[in-house]
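Q: I am new to reading protein structures. Please take me through one part slowly, and begin with how it meets its neighbour.

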There are 4 protein chains.
Amino acid sequence: MLSFVNDYCEVAHESILKKLTEISLDKNPGYGTDKYCAMAQEKIRKACNAPTADVYFLVGGTQTNKTVIDTCLKNYEGVVSANTGHINVHEAGAVEFTGHKVLGIPSHDGKICPKELEAYVSGFYKDGNHEHMIYPGMTYISQPTEYGTLYSLAELEEISRICKKYDMQLFVDGARLGYGLACQENDVTLPDLARLADVFYIGGTKVGAMFGEAVVFAGEKRPAHFITQVKQHGAMLAKGWLLGLQFDELFTDNLYEKIAKNAIDTAIVLKKALKEKGYTFLVESPTNQIIVVLDNKRMEELSKQVNFSFWEVISEEKTAIRFCTSWATKMSDVLALTEIL
Amino acid sequence: MLSFVNDYCEVAHESILKKLTEISLDKNPGYGTDKYCAMAQEKIRKACNAPTADVYFLVGGTQTNKTVIDTCLKNYEGVVSANTGHINVHEAGAVEFTGHKVLGIPSHDGKICPKELEAYVSGFYKDGNHEHMIYPGMTYISQPTEYGTLYSLAELEEISRICKKYDMQLFVDGARLGYGLACQENDVTLPDLARLADVFYIGGTKVGAMFGEAVVFAGEKRPAHFITQVKQHGAMLAKGWLLGLQFDELFTDNLYEKIAKNAIDTAIVLKKALKEKGYTFLVESPTNQIIVVLDNKRMEELSKQVNFSFWEVISEEKTAIRFCTSWATKMSDVLALTEIL
Amino acid sequence: MLSFVNDYCEVAHESILKKLTEISLDKNPGYGTDKYCAMAQEKIRKACNAPTADVYFLVGGTQTNKTVIDTCLKNYEGVVSANTGHINVHEAGAVEFTGHKVLGIPSHDGKICPKELEAYVSGFYKDGNHEHMIYPGMTYISQPTEYGTLYSLAELEEISRICKKYDMQLFVDGARLGYGLACQENDVTLPDLARLADVFYIGGTKVGAMFGEAVVFAGEKRPAHFITQVKQHGAMLAKGWLLGLQFDELFTDNLYEKIAKNAIDTAIVLKKALKEKGYTFLVESPTNQIIVVLDNKRMEELSKQVNFSFWEVISEEKTAIRFCTSWATKMSDVLALTEIL
Amino acid sequence: MLSFVNDYCEVAHESILKKLTEISLDKNPGYGTDKYCAMAQEKIRKACNAPTADVYFLVGGTQTNKTVIDTCLKNYEGVVSANTGHINVHEAGAVEFTGHKVLGIPSHDGKICPKELEAYVSGFYKDGNHEHMIYPGMTYISQPTEYGTLYSLAELEEISRICKKYDMQLFVDGARLGYGLACQENDVTLPDLARLADVFYIGGTKVGAMFGEAVVFAGEKRPAHFITQVKQHGAMLAKGWLLGLQFDELFTDNLYEKIAKNAIDTAIVLKKALKEKGYTFLVESPTNQIIVVLDNKRMEELSKQVNFSFWEVISEEKTAIRFCTSWATKMSDVLALTEIL
């Protein structure tokens, strides 16, 4: 059975497992005070051209989203997000669970529109009643988005400008950031993110690590006692060096982008085949998530030979499904899939 | 200056102040264990034809909404509401502050559509991913709505049926309930509410009381240790008899509906005048809130002679404003207003 | 039946009810934007010798405690309190419900000892592990305490000094503040409180008001958007002028201290009688709460003629009970009680 | 430099790393729906003699504590714990952060006394005021405790009886459970825990796993939609099979107890040496944590040759420190340490 179900179904890149095995009985201090964290932080600062950034390592995406959002917001602030944003739909209300409202605005293939963002926020301040409403304290976007789409540098700069104007922080969820960075259409670099976002993270779980997300605070607003708050959120990994070591590997010799590129290369081949065979795309995605609309009958046939994700019901006869490539996808599997399509 | 700004700008009905003054130095036990609470509870049970209902008295609307919703929901549950619902817009995120997501669905002049409710909830359970999403555990509606509109009995029964089918509680915010009950178009009675809702409240603050909302749990699902949870929410009035006494007065000789009727009678006269003078209504409201759309210039002129509420911007030239009558509105003021219109 | 059960069993001082009745049909703007609030704020600023203080009015004590503590603390901070502090015992966990730990330290007749406070806080910072612990961000004391005892000015200054040294805020719960101010042994004035505490409140519910607590922020640290946060806590009274009017009355012609003095005068007579009749005091309280230890048999006899509060079990044979005087206590009732003792 | 600083400073037992490497490119379904989780759950059910138990895998101890406690308690309930309990001191207020009070009772070398527990809880229900207090809804104990001590089976049965009597759940934190099970003095087995506790966990992080805690619900009370609540707490590991695989290894051929025994064997040798050399023990601990009291000067000398943990200040001249052995401690290191002592 072929599998294109998601980008987090393998353990980790071999270099990480090799390294972990080599040092398995070394004794390391806990809670991120070890040398691997220090090395990884330094490499990430360099890659981001942000020598004074604070870099922290957390275990997973939802955990990172809720911890960052809660520690950055004040009680009376909420976070603006596309209605389709991961925090608004698929995190079991983790953000609200910490007391903060998610303020949904329209999604355009997973992205928010800067103009709509500004209209929303400026409208808030014009409302005579706004003292009885939740203040927009942060904008959350994902790069790439949940639909595989990308913000251009121009869009990101515009969103950043709006956030500064209205005293909101900008948080970029980079759970799949590697697949954005490795993509030819992309013009947003790590230094751009460090310059334009107050906080963002570099996803490891979906891009070659066993698990882990590297949170980068490069701006001036940084939560006080973040370590204590991470502990308070139940998000502290005792053996912090497991995270440091993985990001140290991924940021050595550009491994992170190299392996991410495999997902893009295989996705390009797959998209080309899908186009040639006349498939309809739900979204034009330049990254590793490919969402197509199928007749239900065709979907059922395919499902006997390949694993994919259900995406959404389109009509009684049609369904959108997702094929996902990853750092670990073999080109031979893609070719086998194109045979079936 | 005439005032039609809202329905909570006077202290209270005279009979309440008279009674409070009479008993001002009597000694009463605290926290709702007094005789006035007992009498008021009994009268409300009778009025609701719900002899086994639990009745509690809280101080205000947002407080009641957040306390009821939080004590009725489990961690993993959210509350479905019209996007325009008071809890979703004008309560400073009080519901999210207790950890629960408000699940917005479309508003039709303040009301939710039963079909859309069922589509939303059934869709939730069909989503393969719903274990990573917030469960719809309650439906929140207001009667009358924030736009002055009313649910018909047929609509309420349909919403109640859907709630039961999907194991959701039904909560009716009755901050202005009196103005619904007193309205000729209305066919939903207190016994209907007690029969169809798991919990609802009878608003006092806006209908003749100094303050206070009477929460009625008439169904089988009732929060455990509600008193303790009220205390925990900071919603316990030490001198509980102040609340009991007010509702005892309001439910003696049908005072509640009698004084509510004044708001409807005056509103009818005002609406008639507005129609005759060619004003455009934003919403067809049968109750005491009258929302009209004006040229900004006309609005400015009017504002020199009468207080009203800003409602929303319609366009660059037009604005919606609200005239509100109440239990205390004098017909002479309405007539004076019609002169100006 | 005589009653000395508590100091919040009457409606309110007559001047308040009179005033409410006079203005009952006046139209006032909501949410504390009215003239009564403005007048009361000005009078309180003057009484506190704190011309730039922010003054807010909330409804009750637990509500005020939880709202002030939550809005003043950061996520990673807790509040130090005597183990017997109201917030630690009798508020149904309202503070923890907002996410903050109450850090209990020993109680000495309801008071904390400055030396023990400093030892606790300095110990926290010496603990190598303190990044995994809750930071002490505030000290909570009550004046008078739950046991009727008072902090001296010297003690208060010492506690204030410690708080400043360790970057903690000082919050004084003044639910019964009037009874402290009216007491001869007391040397802590309102200006002292405004100078030494970051925030404190002047209790109305127990000192002549129908309900209400006046929160005074006179220092430099003040929560942002406090009004929005009050709404978010469900603590906003729509008819804010009800609170303003009461405090305006209480702070006119020194009414607050005048009526509080009645509680002290009657308590002095009662304490003298108790001493003469050989009763044992649990605590030496200079204010209006008198706690004595009785044989259970004697307690039972007394309970047939007078209402008092159970305080705590002392042994199998003995119980502590509380007699409480108030602004409304009649000297004739005290004399009647002394006959019984 | 010798290190006895803690029991979580190595990566993992070699068999786990070997297995992870073997399957590193296999594709597994996410969120704990994989075969390894299923196998591990089955083995744990067997080891616990609890064929119907629900078994879940979480990442770390604080995360597990807060998630279990919050999902088991109702709003108005708190958790009783020894004052020294990990949840009460070293988890940055994670339990309070979810809204629940930790109700501290005295610690006796890390243990609670059943009699004191019963006195506390029965006293709560006798208090006339208990509706204004937090209900004791759960008892939290750790086995072994934070001081390395163990509850006997008789004690555990007594605590379980008290919990049932007062409708409290019993939760056993087994972060170091292996070291208790492997200990000769211990008479509490996994089936005993499954029978007597409502929920407990088998610690992996400190006993040979890279990370992970196996939560076992074997009683009748089980939180609804636990998976959704785990997600909501940010505690869901996307690659759930990483946890399943580790516990599958640990529960194959009794590996868990075998490697735990190494910690006990080395601790016995070390304790014997300490005794012979006249060291004073702070606590008599039968497990892998050895706490001794030293002159500060001696402590400083030792610290040049061996890493240990600071435990607590005893006096100006004396300090308690901890030596900790683990599954990975080499006997040769223990012998080297005894030379230095």
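How many salt bridges does the rule find across the interface of chain A and chain D?

A: The rule finds two salt bridges across the interface of chain A and chain D. A salt bridge here is a side-chain nitrogen of Lys or Arg within 4 Å of a carboxyl oxygen of Asp or Glu. One joins the side chains of Lys27(A) and Glu10(D), at 2.5 Å from N to O.

Some ground rules come next. This is a predicted model: local features need pLDDT of at least 70 and side-chain atom pairs count only at pLDDT 80 or more, while totals for chains, interfaces and linings use all residues. Residues are numbered from 1 along each chain as its sequence is written, chains are lettered from A and ligands numbered from 1 in the order in which they are written, and side-chain values use heavy atoms, leaving out hydrogens and water.

Now step back to the whole A–D interface. On the chain A side, 43 residues are in contact with 43 residues of chain D (contact means heavy atoms within 4.5 Å). The size of an interface is often given as the accessible area lost when the parts come together. Chain A and chain D bury about 3900 Å² between them (accessible area, 1.4 Å probe, lost on being put together and summed over both). Carbon and sulfur atoms account for 63% of that area.

Polar contacts come next. There are 26 residue pairs in polar contact between chain A and chain D, both residues being at pLDDT 80 or more (N or O atoms within 3.5 Å; within protein, one must be able to donate a hydrogen and the other to accept it, and residues adjacent in sequence count only if both atoms are side-chain atoms). Which elements of chain A give two or more residues to the side that touches chain D? They are helix H1 (14-22), helix H3 (61-72), helix H5 (94-97), helix H10 (226-232) and helix H11 (241-250) (helices, H or I with at least four residues, and strands, E with at least two, are DSSP runs numbered from the N terminus). H3(A) gives the largest share, four residues. By class, this side of chain A has 22 nonpolar, 13 polar and eight charged residues (Ala, Val, Leu, Ile, Met, Phe, Trp, Tyr, Cys and Pro are nonpolar; Asp, Glu, Lys and Arg are charged; the others, Gly among them, are polar).

Chain A also meets chain B. Here 17 residues of chain B are in contact with 17 residues of chain A. The buried area is about 1500 Å², and carbon and sulfur atoms give 56% of it. His90(B), Glu96(B) and Lys101(B) supply 33% of the area that chain B buries against chain A, more than any other three residues. The rule finds two salt bridges across this interface too. Lys101(B) forms a salt bridge with Glu96(A), with the closest N and O atoms 2.4 Å apart. Eight residue pairs, both at pLDDT 80 or more, are in polar contact between chain B and chain A. Helix H4 (86-89) and helix H5 (94-97) of chain B are the elements that give two or more residues to the side touching chain A. That side of chain B has six nonpolar, eight polar and three charged residues.

Now look inside chain A. Strand S7 (199-203) and strand S8 (213-217) of chain A pair in the antiparallel sense over five bridges. Gly203(A) has Glu213(A) in S8(A) as its bridge partner.

Two backbone details remain. Most residues other than glycine have a negative phi, and most peptide bonds are trans. The peptide bond from Gln143(A) to Pro144(A) is cis, with omega near -10 degrees. Pro144(A) sits in the loop between strand S5 (135-142) and helix H7 (153-165) of chain A. Asp253(A) is not a glycine, yet its phi is positive, about 55 degrees. Asp253(A) sits in the loop between H11 and helix H12 (255-276) of chain A.

Key: Buried area = accessible area lost by both parts, 1.4 Å probe. Pairing = 2+ DSSP bridges.
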